[in-house]
Amino acid sequence: MAAAGSSPSIVEYFGGEDGYRCGYCKNESGNLSHGAAPGAGRAARGAGWARPQQKNQYVFIVIFRSGKYVYKPIMNQTCCPQYTIRCQALHFQTSKSHKKVLKKMLKFISKGDVSKVVSGEEPMDSHIEDVVSCDFAYKSESHVSQSELTPLSVDHAERVENEDKETGETKEVDQQTVESGSLQICADRDTPVPGEPSHSAKTAHAPPKPGRKGADLSKPPCRKAKDIRKERKLQKLLQNQMRTLEGSQLQAGDQACLLQNSKSKANQPKTIEDFIFDTLPDDARHKLEVRVVRSSPPSSQFKATFQESYQVYKRYQMVIHKDPPDKPTINQFTRFLCDSPLEAENAPNGPECGYGSFHQQYWLDGKIIAVGVIDILPYCVSSVYLYYDPDYSFLSLGVYSALREIAFTRQLHEKAPDLCFYYMGFYIHSCPKMRYKGQYRPSDLLCPETYVWTPIEQCLPLLEHSKYCRFNQDVKAVDEGRIKELGRVRVLHKRTVMPYSVYKKRRKGPSDEASVQQYASLVGQTCSERMLLFRS
């Protein structure tokens, strides 16, 4: 889509009458979609087609692209309806499984720990069977710090409304008592049952069982490790604030206020940045750097690392997707993940890296282990694809990169306030293995009929009953951007720009009004008057 005041985008439209193989349900001809590609001349702007929803706001109808080709599924006909999904990055809430992945990476970077357990985390691997591709990655700075974490065991019964609920883990010390200052930690504790007195409260002064000495009443009662950690954190916060006020007189009321503020900070849940940008120990075993390089047009950094990046892609396709060695060629890689319909743009109020298409390269100890392909747009970061070295699958790089990209969106928002959404491509409820995107909350799905965003929680019950759904429950609501005047659609014919009404009179041969009507209904009235539809 062309920006106001710039040369218009030229697109060539392809109908979706013929079905092709679905990469999700494997139906040989059930996947139906409309497509478009840049025509001769200026490349199309935006993530495919975009339709203005309100002033200075856009709803992106087509998010995914395959190289320069952009497409939109025919939702009420395709075998696996694909709903555009976006995450509200500024309000993102990390789940327990997300935190496990972040902590796993932190432990690997700081200590070299390698998890051998195959977990049930949501998949984030890309799918390349058809033109659809999915997944993510993150970062802009060339060096990423990580923190050392103490291994924790998960207590699945805990239901605590504080920061320790956010970590979802409780440290238990097996068969021993650990003393720290005046605090004593007992490992042999059952989880309290809601509504009942705690185990320690019931047994602190109970007569010892035969053969046991019982609790040492001369020492303080045993406490949960998580309570100890929370108290230490509170004390540290208070001490730091006291130091900043050293030399000044604090009244009793001031001290109480300071203590209350410290408690509030201690009880705040960790943000995604707290996990990602925590401090690395001096003796960290590994170094992780994530670099953003512009892929279209290719920057010097992109060119310098092209071969190494391609080799990671080739191995990923062969090992993860079982491609034969002759399929992931350099030309295929370039067309699929390097070419883009987006133009590079550096706006004064935009992010420092500018807008356009980028590769985010994950460098571990000096070599590329993963690459995320993304588009940075004025209102969102759009995920295109992720590929990684299969030797590092144990790091759950798909999930990790998605979380990093959400954090990246939040970072870009600081410089570009309108950039606040993270587009994850398509949500496919009819394919169970593709439902993982719904776990990145809060998120919204786009109504396929009225193009209004709807919270995913309201959509899921509808999708359980029918794979194709209209999410907007207002039966009178219509697509506000729908085509109203077909004659105003702009056409490029024989190097001349004209409205469709003029072109229709000049055209020789069979009428193409049905095709133009279909194109216009997809891009909407406003965009159809900004872009140029190529007609031979």
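User: Where is R535 found?
Analyst: R535 sits in strand 19, which covers residues 532-535; helices and strands here are DSSP runs numbered from the N terminus, a helix being H or I over at least four residues and a strand being E over at least two. This is a predicted model, in which local features need pLDDT of at least 70 and side-chain atom pairs need pLDDT 80 or more, while totals for chains, interfaces and linings use all residues. Residues are numbered from 1 along each chain as its sequence is written, and side-chain values use heavy atoms, with hydrogens and water left out.

User: Is R535 buried or exposed?
Analyst: R535 counts as buried because its relative accessibility is 12%, where buried means under 20% relative accessible area, exposed means over 50% and partly exposed lies in between, using a 1.4 Å probe and protein chains only.

User: And what does R535 touch?
Analyst: Not counting residues up to four places away in sequence, R535 touches V491, L492, H493, K494, Y503, D512, S515 and V516, a contact being heavy atoms within 4.5 Å. With D512 there is also a polar contact between the two side chains, at 2.9 Å; the term covers a pair of N or O atoms within 3.5 Å, where within protein one must be able to donate a hydrogen and the other to accept it, and residues adjacent in sequence count only if both atoms are side-chain atoms.

User: H34 next: which side chain does it make a polar contact with?
Analyst: The partner is Y13, whose side chain makes a polar contact with that of H34 at 2.9 Å. H34 belongs to strand 2, residues 33-38, and is counted as buried because its relative accessibility is 7%.

User: OK, salt bridges: how many does a search of the whole structure find?
Analyst: The search finds 16, a salt bridge being a side-chain nitrogen of Lys or Arg within 4 Å of a carboxyl oxygen of Asp or Glu.

User: Which residue does R65 pair with?
Analyst: R65 forms a salt bridge with D375, and the closest N and O atoms are 2.8 Å apart. This pair links distant parts of the chain, since R65 is in strand 5 (residues 65-66) and D375 is in strand 12 (residues 367-376), 310 residues apart. R65 is buried, with a relative accessible area of 2%, and D375 counts as buried at 0% relative accessibility.

User: What about K287, which residues is it linked with in a network?
Analyst: K287 is linked with E289 and R291 in a network of salt bridges. For K287 and E289, the closest N and O atoms are 3.3 Å apart; K287 is partly exposed, with a relative accessible area of 39%, whereas E289 is buried, at 14%.

User: And K327, which side chain does it meet?
Analyst: K327 meets the side chain of D323 in a salt bridge, at 3.9 Å from N to O. K327 is partly exposed, with a relative accessible area of 44%, while D323 is buried, with 10%.

User: Switching to helices: at what angle do helix 8 and helix 9 pack?
Analyst: Helix 8 (residues 306-320) and helix 9 (residues 330-338) pack at an angle of about 95 degrees, with their axes 11 Å apart. That makes helix 8 roughly perpendicular to helix 9, because angles of 65 to 115 degrees count as roughly perpendicular, under 35 as roughly parallel, over 145 as roughly antiparallel and the rest as oblique. The axes are lines fitted to C-alpha atoms over the stretch in contact, and angles run from 0 to 180 degrees between N-to-C directions.

User: Which residues make that contact?
Analyst: Helix 8 contributes F306, Q307, S309, Y310 and Y313, and helix 9 contributes I330, Q332, F333, T334, F336, L337 and C338. By class, the contact of helix 8 with helix 9 has eight nonpolar, four polar and no charged residues, where Ala, Val, Leu, Ile, Met, Phe, Trp, Tyr, Cys and Pro count as nonpolar, Asp, Glu, Lys and Arg as charged, and the others, Gly among them, as polar.

User: How far apart are the axes of helix 1 and helix 10?
Analyst: The axes of helix 1 (residues 96-111) and helix 10 (residues 397-415) are 9 Å apart, and the two helices pack at an angle of about 100 degrees, which means that helix 1 is roughly perpendicular to helix 10. H98, V101, L102 and M105 in helix 1 meet L397, V399, Y400 and L403 in helix 10, and the residues of this contact divide into seven nonpolar, one polar and no charged.

User: Last one: what share of the protein chain is buried?
Analyst: Buried residues make up 49% of the 536 residues in the protein chain.
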